[in-house]
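Here is a structure to question term by term. Each reply sets a value against its definition.

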Amino acid sequence: MIDVRLGATLRSMAGGRQSFPVEAGTVGQVLERLQGAYPELSAVLDRGVAVSIDGRIYRDSLLQRVPDGAEVYLMPRVAGG
Amino acid sequence: MSLQHVTTTVNGDAAEFLCDATETLLDALRDRLGLTGSKEGCASGDCGACSVMLEGRLVCACLVLAAEADGREVETIEGMAGTGELHPLQTKFLELGALQCGVCTPGFLVAAKALLEEHPDPDETEVRYWLAGNLCRCTGYDKIIRAVLETAADLRGQ
Amino acid sequence: MELEFTTRTTFDKVGTRPPRPDGTDKVTGRALYGADLAGAGMLVGKVLRSPHAHARILAIDTSRASALPGVKAVVTRDDFPGIGPDGKVKGEVEENVWDVARNVMARDKALYEGHAVAAVAATSTAVARQALKLIDVTWQVLPHVTDVDEAMKPGAPLVHEDMITAGMDPAPEEPSNIAEYTRIEMGDIEAGFAAADVIVEQTFRTEAAHQGYIEPHACVASTSEDGVAELWCCTQGHFSVRDMCANILGMDLANLRVTSSEIGGGFGGKTTVFLEPVALLLSRKSGRPVKMTMSRDEVFRASGPTSSTSITARIGATRDGRITACDASFRYQGGAFPGSPVSYGAVCGMAPYDCPNVVLDCYDVVVNRPKAAAYRAPGAPMASFAIESLLDEIAGKLDIDPVELRLRNAVKEGSSSVYGPTFGAIGFVECLEAARDHPSLEAAPGANRARGIAAGFWPNYGGQTSVTVNVNNDGTVLVSLGTPDIGGSRASMCLMAAEELQIPYERVKAIIADTSALGHNDTTGGSRVTHSAGLATIEASRRVIDTMKQRAAALWDIDVEAVVWDQGCVRPSGANAGDHEPLTFEAIAAMAPSTGGPIAGHAEINAEGAGASFAVHVCDLEVDPETGRVTVLNYLAVQDAGKAIHPDYVEGQYQGGVAQGIGWALNEEYIYGSDGVLQNPGFLDYRIPVASDLPMIDTVIVEVPNPGHPYGVRGVGETPIVPPLAAVANAVSRAIDRRMTETPMSPPRILAAIDGSP
């Protein structure tokens, strides 16, 4: 079980709930299963997110493994100048 | 409107071109003679990226009419290195990493060479004021100033 | 995919300072920048821009311009394919293409002074200029708004009549100029302030600044009759230029090849398109190559400066200097389209500190100004100006040394970040300690002099990267990169390849390849290149070594497991592997044609694991109480680079960011008249720092390795512009004993503060 949390900038978009448990082994599965299980996350997911796993931020890595019990946050996609 | 015939010397070689009466020396160098080392950063004399020597005087080529070069000598960045050998300022800029994007570099080098020819032993403040007409947005000027001061010392044999 | 590596700590070549491979061309004037390309039959393209801050375009009549001899093409909004708000996007475009397409050419309305409304291609600049004067636009001038606070008021002129604020629940019924609202919330804000012994609150304002790259935007487009096109331009990301142009113009990605010229500065401002789609259209219509360049005036009026902001912030702390709570409202205008960097900025402002209770309200606001583009650590310098100024107030009230106050609250490995995740290995405490212990801090400032200290943070970014390392038969190596080199990155890539391949640096050269030669590369931005392209270069080099081991093993007719790579040679791994003379890199390269063909390594990766970078800046300055003029006397920039590959260019990033930040703090601002027209679109009136304005800028490179890179690299480009606004403001405030809350801190503002007037 992975407890997906919302990064601070996304929390206001999901009705205040902060924790979204899913069974998943990869980033792609996390995103797909969140989409199915939590309709309130659709606004967050539709705008595109990065995923932080144990403090490391992954922006486009659907195949990345997510260890069970990892700290997982959804984050806005940030690039920079 | 008829074009003007300009006969000039650029980097020691005879050169001639036809230009509009309102055309700047910078445009003529770049578009008529293909010497694109002098850059247009502002076209108003504020950035110094087009610094060239005209009859031994440091000028912004964007503030000089092309026709004014008639019968006079122009030196540009393309003429700074000797045959097969860089000018000591060019070498020092490379050694000290005194450039990042490099677009202001030709102007700085032409201006710095003019400084050292006139004042072989400038202090930091003199270098900063002499180069105040050349804008650099990448380096914060630190390494450029150091490169000019070190080259000056090298040329004086110190 | 996760790349396997452990972080290396000893180096042979990395960390040295050799000359860059592109250097000689740049000191001799040979290097070709955006405006330096010429071709046979090339036309000159020019843009007609709106003289009004906000106006409906009732009609555009181009017939007189088209009839002018020498005019070969005219384009207006009618020539752009329709893109719906939900238009499908090809490639890797991150920006909203609907907005970019409308920024490139106005449709129903001109949204800011300088907004493009038509363009011509003609046989000369003079003819093109004359043609622009012959285009008749029928305007209906509308009320405008350029100030962020004014734009948020009810009844303000609406930039987009139908824009409903996103992110509010329930959604507002009435349209407004607030594009998006975001709340960042953590802990219990009321309990946090209840636990505070001291609470400080201020409102801050920063004016818009421009990246100020010395090279104006420039491009050359050439479109063939079969729809295939080539584009040459100065950009931070030619792959994203390709993707944006193809999307805006309805082209297949394979039909557009983009070559990045040398680039004369970008700082985020060259991450989008302005002229490029227009040039492609003009070329398509005329059947000729078209060159377009912006004048400096156009760069200021119509490229992408950063936001002006208005920020109200409140911070509470205990008597012993622990931050207990921060709530703040951040209002950033992003110009005429949504997308100001407000929420990143807000997060970056508080990111250096371990504060359990936070509420940050973020408003992305549209106004009648050019669409903001990224500018070095987008959004962060303004937020840090507010937060770091308030921390200085707290330090003063509690009589705690400002570095010590920050040390008591600094995030470290294991701290929760304000944006959520837990920090890995970071170097903020190390930066604070290096600043505290630096000898330049021993000297006490004199009369009218003071010292200001501020910290800064940028998260950095990795991203998609594709690199090829080709081995030539003489043993030299060519690295093909897809990330435009703005500040010396080719030298860093050559160092990393030489380090991996154990060959001399001088034997490695690097080039920036065009979009047809490599897989997708994300833009040079987000401080990503030395990290991501470095990672890919190292990975590609390792694949070269793998191939070389295979070739040697095959030659010796032994298993590849029985050979090792050691000191630039392939050797048998031990006595059992047989008695073979080691084969050097050069020897294997020379044998390549007869042992299976060319040897090359590729890496196509999505570089994750960019490490966050923290900085601490110290500024000593003097204020002239008669004139209000500030002279910066000494400046120290301390920053964690993880590992400095080429220290000259790391120091250069620190120094350049400081100079830009000092300019923003003291001089630079967009000044709009009551007519909504920019008053200072030139370097004379928008004054960036010149050499005589600045002292030498001292640097300390802290190296706390980033575990997300085999050499420990962190991006360094953006963080250096984050602290200077506050470092300068804290010093000025101490020098005049008045809190400075607005940038630029120009002489009139400083005199007004000294006089006590608002």
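**Terms and values**

Q: What does Val728(C) touch, beyond residues up to four places away in sequence?
A: Val728(C) touches Gly452(C), Cys619(C), Leu621(C), Ile662(C), Ala665(C), Leu666(C) and Met745(C), not counting residues up to four places away in sequence. Two residues are in contact if their C-beta atoms, placed from the backbone, lie within 7 Å.

Q: What kind of model is this, and how are residues and chains labelled?
A: This is a predicted model, where local features need pLDDT of at least 70, side-chain atom pairs count only at pLDDT 80 or more, and totals for chains, interfaces and linings use all residues. Residues are numbered from 1 along each chain as its sequence is written, while chains are lettered from A and ligands numbered from 1 in the order in which they are written.

Q: Which residues touch the most other members of the largest nonpolar core?
A: Leu231(C), Val278(C), Val728(C) and Val732(C) do, in a core of 320 residues. A nonpolar core is a set of buried Ala, Val, Leu, Ile, Met, Phe, Trp, Tyr and Cys residues joined through C-beta atoms within 7 Å.

Q: What makes up the secondary structure of chain B?
A: Five helices and five strands. Helices (H or I, at least four residues) and strands (E, at least two) are DSSP runs, numbered from the N terminus. The order is β-β-α-β-β-β-α-α-α-α.

Q: How do the strands of chain B pair, and which stand at the edges?
A: Two strands pair if DSSP finds at least two bridges between them. Five strands form an open, mixed sheet in the order β2-β1-β5-β3-β4 (chain B). β2 (13-19) and β4 (57-60) of chain B each have a single partner strand, so one side of each is left without a neighbour in the sheet. Strands β3 and β5 of chain B meet the pairing rule with two bridges, and run antiparallel. Leu54(B) stands opposite Val74(B) in β5(B).

Q: How many residues of chain B are in contact with chain C?
A: 44 residues of chain B are in contact with 44 residues of chain C. α2(B) gives the most to the side of chain B that touches chain C, with five residues. That side divides into 23 nonpolar, 11 polar and 10 charged residues. Ala, Val, Leu, Ile, Met, Phe, Trp, Tyr, Cys and Pro count as nonpolar, Asp, Glu, Lys and Arg as charged, and the others, Gly among them, as polar.

Q: Why is chain A called as compact as a globular protein of that length?
A: The radius of gyration is taken over C-alpha atoms; the globule rule is 2.2 Å times the number of residues to the power 0.38. For 81 residues the rule gives 12 Å; chain A has 11 Å, which is close, so chain A is as compact as a globular protein of that length. Of its 81 residues, 42% count as buried.

Q: What does the globule rule give for chain B?
A: With 158 residues, a compact globule would have a radius of gyration near 15 Å; chain B has 16 Å, which agrees. In chain B, 56% of the 158 residues count as buried.

Methods
Buried ≥ 20, exposed ≤ 12 C-beta atoms within 10 Å, placed from the backbone.
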